[in-house]
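Subject: Structure for you to look over

Dear colleague,

I am handing over the structure that we discussed, and below it I have set down what was found. Please read the notes with the structure open beside them.

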Amino acid sequence: MKLLLSKAWASFVADKRIEGFSPQTLKAYQLQSSLIIDYFNDVEMTLMDTYQLKEYLAITCKHLKPASLALRIMKSFFRWSHEKALLVRIQLPKLRKRIPKYLTEREIEHLRESCQSPIEKAIFEFMFSTGCRIGEIVALDKNHINWSNQSATIYSTFSYLPPLTFIISPSM
């Protein structure tokens, strides 16, 4: 049975949707599929091999950061393809663990000074003081804020984590 790369990706994304993956994750999967399908011109799955994928990664890494390569997504897709017997096992390279970058006090001050409105300042201070990710801030609803005890409950974008409550300092 001949199966094109685009059909395999569509089936893979459908499986992930059924498994309950978030819309943001599915969107990232869709973006990655578009990039790889554009590169390989929607090739038949059985014609793909490790060397072609390494060549694709070598070319795309010239203008993308390692995190943007989405190796995790590709590994997941090719592992799924192998489990579904769509192709032989393809081994993708491993990336070194990234060491997180921290802002210096000067960089933090520059960010703080670049905030133009009170809402920008409040969002910046909240993110900086709590360590919340952007997706968690976006998901923050006014019902999650308890004004009487000056706290906010954050619901993680990772469904396995319990909600966290932060006490909002009056000095903000």
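The chain holds seven helices and three strands, where helices are DSSP runs of H or I with at least four residues and strands are DSSP runs of E with at least two, numbered from the N terminus. Along the sequence the elements follow the pattern α-α-α-α-α-α-α-β-β-β. Please bear in mind that this is a predicted model, in which local features need pLDDT of at least 70 and side-chain atom pairs count only at pLDDT 80 or more, while totals for chains, interfaces and linings use all residues. Residues are numbered from 1 along each chain as its sequence is written, and side-chain values use heavy atoms, with hydrogens and water left out.

Of the 172 residues in the chain, 29% are buried, a term that stands for under 20% relative accessible area, with exposed meaning over 50% and partly exposed what lies in between (1.4 Å probe, protein chains only). Among contacts (heavy atoms within 4.5 Å) between residues at least 6 apart in sequence, 47% join residues at least 24 apart.

I begin with the first pair of helices. Helix 1 and helix 2 pack with their axes 10 Å apart and at an angle of about 170 degrees; axes here are lines fitted to C-alpha atoms, for helices over the stretch in contact, and angles run from 0 to 180 degrees between N-to-C directions. The two helices are therefore roughly antiparallel to each other, since angles over 145 degrees count as roughly antiparallel, under 35 as roughly parallel, 65 to 115 as roughly perpendicular and the rest as oblique. On the helix 1 side the residues that meet helix 2 include Trp9, Phe12 and Val13, and on the helix 2 side they include Tyr29, Ile36 and Phe40. By class, this contact has nine nonpolar, four polar and two charged residues, where Ala, Val, Leu, Ile, Met, Phe, Trp, Tyr, Cys and Pro count as nonpolar, Asp, Glu, Lys and Arg as charged, and the others, Gly among them, as polar.

Helix 2 also contains glutamine 24, which counts as exposed because its relative accessibility is 61%. The C-alpha atom of glutamine 24 is separated by 9.5 Å from that of glycine 135, although the two residues are 111 apart along the chain.

The loop between helix 2 (23-40) and helix 3 (50-60) holds asparagine 41, which has a positive phi of about 60 degrees although it is not a glycine, and which counts as exposed at 64% relative accessibility. Aspartate 42 lies in the loop between helix 2 and helix 3 and has a positive phi of about 50 degrees, again without being a glycine, but at 24% relative accessibility aspartate 42 counts as partly exposed.

Helix 4 (residues 71-83) has 13 residues, and its buried residues, among them Ile73, Phe77 and Trp80, pack against helix 1 (5-18), helix 2 and helix 3. The axes of helix 3 and helix 4 come within 13 Å and cross at roughly 165 degrees, which makes helix 3 roughly antiparallel to helix 4. Leu53, Tyr56 and Leu57 of helix 3 make the contact with Leu71, Met74 and Phe78 of helix 4, and by class it has six nonpolar, no polar and no charged residues. Just after helix 4, alanine 85 takes a positive phi of about 60 degrees.

Notes: Expected span 1.5 Å × (residues − 1).
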